[in-house]
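Please look through the structure below before reading on.

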Amino acid sequence: MTLLDILDSFLDYLSIERGLSPNTLESYARDLQRYARFLEERQIDQVEGIRQNDVLDFFTVLKEEGMGVRSRARLLAALRGFHQYAVEEYQLGQNPVARLTTPKMLQTLPDTLSPTEVDALLDIHDDGQALTRRDLAMLELLYATGMRVSELVGLKLDDLHLSSGYLRVFGKGSKQRIVPIGEIAIDTLKDYLGRVRPELDRSRNLSPCVFLNRSGKGLTRQGFWKMIKRRAVEAGITKNVTPHTLRHSFATHLLENGADLRVVQMLL
């Protein structure tokens, strides 16, 4: 049975055998469908294919999107019940939520990369492929600015002001902020815009997005997640690397090198 089949079966179980109220059942369904959509974007459609890191990444996304602690705790309870049901009813043998406690899920800060690990992540061999140079430009820009991944993939050509050394991003609630960028990131981005993006732009300048996929469309958040996971493995990094890892590393390294906390908060 697929993930969605077992999800539907679980909701029937909650309604018929547990007798949950319509409002509570609707809440469970909404949370679990959001979980299923996240996994679908990762091309996971079987419960057996879900790993603990997938669950951790899901909650990282929810936190980045601004979901509160109570809502995440409620969703964690829904996932715990769903996976326990899948194990007991379908003998799947693995529960990726079993060892995750609420404090760990909701309070633990993301891993921080050391400067050496950041260097390894950014040390991408230029094999002449367009996507390789695009990946380097994205990683350089993310680490240089501390942007959220949603801000990075949502970046438009009109938001770039490279000659003045800054770009404009739209964060949570469509709030606009000006983000300064350093010379290395500017040079890498200029190389991407001049040599790489035209090669990827199959629509002949119709896409306003800065970063494109191999089809010439704007890269999605999930597309970037897959890329950074792959690049971290290639760099020999064993930590659970997510886009938020680079954002957190950006802030940590600035503070360790004497930056004022208020300035870092302003940049973020």
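A crossing of two helices is called left-handed if the near helix is turned anticlockwise from the far one by less than a right angle, and right-handed if clockwise. By this rule, H3 passes H4 in a right-handed crossing. The model in which this is seen is a predicted one.

The chain as a whole gives the setting for that pair. Its secondary structure comes to twelve helices and three strands. The chain has 268 residues, and 44% of them count as buried. Among contacts in the chain with a separation of 6 or more, 60% come from residues 24 or more positions apart.

Now to the packing of helices. Two packed helices are described by the angle between their axes and the distance between the axes. Helix H3 covers residues 52-64 and helix H4 covers residues 69-90; their axes are 11 Å apart and the angle is about 155°. Because angles over 145 degrees count as roughly antiparallel, H3 is roughly antiparallel to H4. On the H3 side, the contact is made by Val-55, Phe-58, Phe-59, Leu-62 and Lys-63, and on the H4 side by Arg-72, Leu-75, Leu-76 and Leu-79. Sorted by type, the residues of this contact of H3 with H4 are seven nonpolar, no polar and two charged.

H4 also packs against helix H2, residues 22-41, with the axes 10 Å apart and an angle of about 80°. H2 and H4 are therefore roughly perpendicular to each other, since the range for that term is 65 to 115 degrees. H2 contributes Ser-27, Tyr-28, Asp-31, Leu-32 and Tyr-35 to the contact, while H4 contributes Arg-74, Leu-75, Ala-78, Leu-79, Phe-82 and His-83. The residues of the contact of H2 with H4 divide into seven nonpolar, two polar and two charged.

Next comes the loop between H2 and H3. Which residue other than glycine has a positive phi, near 60°? It is Gln-43, whose place is in the loop between H2 and H3. Most residues other than glycine have a negative phi. Gln-43 counts as exposed because its relative accessibility is 68%, and the cut-off for that word is over 50%. Asp-45 lies in the loop between H2 and H3 as well. With a relative accessible area of 47%, Asp-45 is partly exposed. Asp-45 and Met-1 are 44 residues apart in sequence, yet their C-alpha atoms are 9.4 Å apart in space. Leaving out residues up to four places away in sequence, Asp-45 touches Thr-2 and Leu-3.

A buried residue makes a contrast. Ala-130 lies in helix H7, residues 130-145. Its relative accessible area is 7%, so Ala-130 is buried. The C-alpha atoms of Ala-130 and Arg-195 are separated by 8.3 Å, although the two are 65 residues apart along the chain. Not counting residues up to four places away in sequence, Ala-130 touches Val-196, Glu-199 and Leu-200.

The last stop is the core. In soluble globular proteins, nonpolar side chains tend to be buried together. Here the largest nonpolar core has 73 residues, and those with the most contacts inside it are Phe-211 and Phe-224. What is Phe-224 in contact with, leaving aside its neighbours within four places in sequence? The partners of Phe-224 are Met-138, Leu-139, Leu-142, Val-149, Leu-152, Val-153, Leu-219 and Pro-243.

Definitions and conventions
Residues numbered from 1 in each chain as written. Predicted model: local features only at pLDDT ≥ 70, side-chain atom pairs only at ≥ 80, totals over all residues. Heavy atoms only, no water. Axes fitted to C-alpha atoms, helices over the stretch in contact; angles between N-to-C directions. Helix = DSSP H or I, 4+ residues; strand = E, 2+ residues; numbered from the N terminus. Parallel < 35°, antiparallel > 145°, perpendicular 65-115°, else oblique. Contact = heavy atoms within 4.5 Å. Nonpolar A, V, L, I, M, F, W, Y, C, P; charged D, E, K, R; others polar. Core = buried A, V, L, I, M, F, W, Y, C linked by side-chain atoms within 4.5 Å. Buried < 20%, exposed > 50% of the residue type's maximum accessible area, 1.4 Å probe, protein only.
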